[in-house]
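Subject: Structure handover

Hi,

My notes follow below it.

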Amino acid sequence: MSQALDCLAADGEALPLAAGTDLVPVLRDRAMDRARLVDLHGLKELDYIRFEDGMLRIGAMATHQSIAASDKVKEMLPALAHACSQVGSAQIRRRATIGGNVCHASPAADTLPVLIAAEACAVTRSKEFRKTVLLEQFITGVKTTSLPQDSLLEEIIILIPEGGWKGNYYRLGGRNALTIAISSVAVLKGSRGIRAAYGSMGPTVKRIGAVEEYLNSCREAKRSILRVLAEQNLSPISDIRATREYRLDVAANFTWLGYRELAE
Ligand SMILES: Cc1cc2nc3c(=O)[nH]c(=O)nc-3n(C[C@H](O)[C@H](O)[C@H](O)COP(=O)(O)OP(=O)(O)OC[C@H]3O[C@@H](n4cnc5c(N)ncnc54)[C@H](O)[C@@H]3O)c2cc1C
């Protein structure tokens, strides 16, 4: 890891490369054929899933396949195992990393709704500093993060409540595999109540305080109210895959479903 950080510090234009499933298409589209890359592939020290001091720690180089298959993740944050099982195809999941998914910061990234609902933090490293930042703040816009060029994402940490995070991740795509989420929602329950975070519904994945307040205080959640709250707090686009209204309907329905499943 220190060698990779040295390389990034020495060359202000170098980019970290994990599995390249996001980065390589970006480089190709922008014709950045002379981009200098720091290949992280051999960094086995960042490929781990651990439970320590009440926290789930997932190294940036852990693959979607290993997270989806992890007994620890299935026990403590099953929604994340499910989200990782939904990414791309078996080939993509075997290579692609959680670090790449988080750092690419796509509004449609499948791990982000669960991580943000679970109040996960990103741990970053440069030659001099190690910093911990709430993931919701780490992601600053569409495919942008606050990570400085000379730094790496080292790990994701998630505080696990007594009994683990309950709840699930719901995503709708145009078909079952190899498809970007049209709308995705994580509805989780921890020691401080229900959390709901939304993907593909605006420039960044985000929690909605008004929805969480409603779900935590109502006797029985109503779809119509969730639809109004979605309309007021989310800003999805209309594009070739779905209209804005359809995405709002799906997000409200998924939230309702998540609430009902938590109540069962
Ligand atoms: C066919 C196909 C299907 C896909 N389907 C899905 C899908 O269903 N859901 C989904 O969410 N994504 C999907 N993706 C996108 C992609 O596979 C994931 O986002 C994946 O997790 C990216 O990981 P990677 O290791 O390939 O990252 P890379 O492409 O290597 O890197 C992505 C970005 O993160 C940076 N980066 C990587 N690791 C670090 C680190 N440790 N520290 C700092 N910066 C870092 C890179 O510089 C780059 O900017 C798909 C991609 C393809 C090609």
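Start with the two domains. The C-alpha centres of domain 1 and domain 2 lie 23 Å apart. Domain 1 covers 2-35 + 45-159, and domain 2 covers 166-263. These bounds come from an automatic or database domain assignment. The contact between them takes 20 residues from domain 1 and 24 residues from domain 2. Two residues are in contact if their C-beta atoms, placed from the backbone, lie within 7 Å.

On the side of domain 1 that touches domain 2, the elements giving two or more residues are helix H5 (78-85), helix H8 (112-117) and strand E7 (139-141). H8 gives the largest share, five residues. By class, this side has 13 nonpolar, five polar and two charged residues. Ala, Val, Leu, Ile, Met, Phe, Trp, Tyr, Cys and Pro count as nonpolar; Asp, Glu, Lys and Arg count as charged; the others, Gly among them, count as polar.

Some provenance. This is a predicted model: local features need pLDDT of at least 70, side-chain atom pairs count only at pLDDT 80 or more, and totals for chains, interfaces and linings use all residues. Residues are numbered from 1 along each chain as its sequence is written.

Overall fold

The protein has twelve helices and 13 strands. Helices (H or I, at least four residues) and strands (E, at least two) are DSSP runs, numbered from the N terminus. The radius of gyration is 18 Å, close to the 18 Å that the globule rule gives for 264 residues, so the protein is as compact as a globular protein of that length. That radius is taken over C-alpha atoms, and the rule is 2.2 Å times the number of residues to the power 0.38. Along its principal axes the C-alpha trace spans about 55 × 45 × 30 Å. Of the 264 residues, 42% count as buried. Buried means 20 or more other C-beta atoms within 10 Å of the residue's own, exposed means 12 or fewer, and partly exposed is in between, with C-beta atoms placed from the backbone. Among contacts between residues at least 6 apart in sequence, 60% join residues at least 24 apart.

Ligand shell

The ligand is surrounded by 27 residues; the closest are Ala18, Gly88, Gly100, Asn101 and Cys103. The largest share, five residues, comes from H7. The shell has 17 nonpolar, eight polar and two charged residues.

Helix H12

Helix H12 has 20 residues (244-263) and should span 28 Å at 1.5 Å a residue; its end C-alpha atoms are 29 Å apart, which agrees. The expected span is 1.5 Å times one less than the number of residues. Buried residues of H12 include Arg247, Phe254, Trp256 and Tyr259. Among the elements covering the buried residues of H12 are strand E10 (166-172), strand E11 (183-190) and helix H11 (223-233).

Two residues to look at

Arg57 sits in strand E4 (residues 55-59). It counts as partly exposed, with 18 C-beta neighbours inside 10 Å. Leaving aside neighbours within four places in sequence, Arg57 is in contact with Arg50, Glu52, Glu155 and Ile157.

Lys74 is in helix H4 (residues 71-76). Lys74 is partly exposed, with 16 other C-beta atoms within 10 Å. The C-alpha atoms of Lys74 and Trp165 are separated by 9.9 Å, at 91 residues apart along the chain.

Best wishes

Technical notes. A residue is near a molecule or strand if its C-beta atom, placed from the backbone, lies within 6 Å of it.
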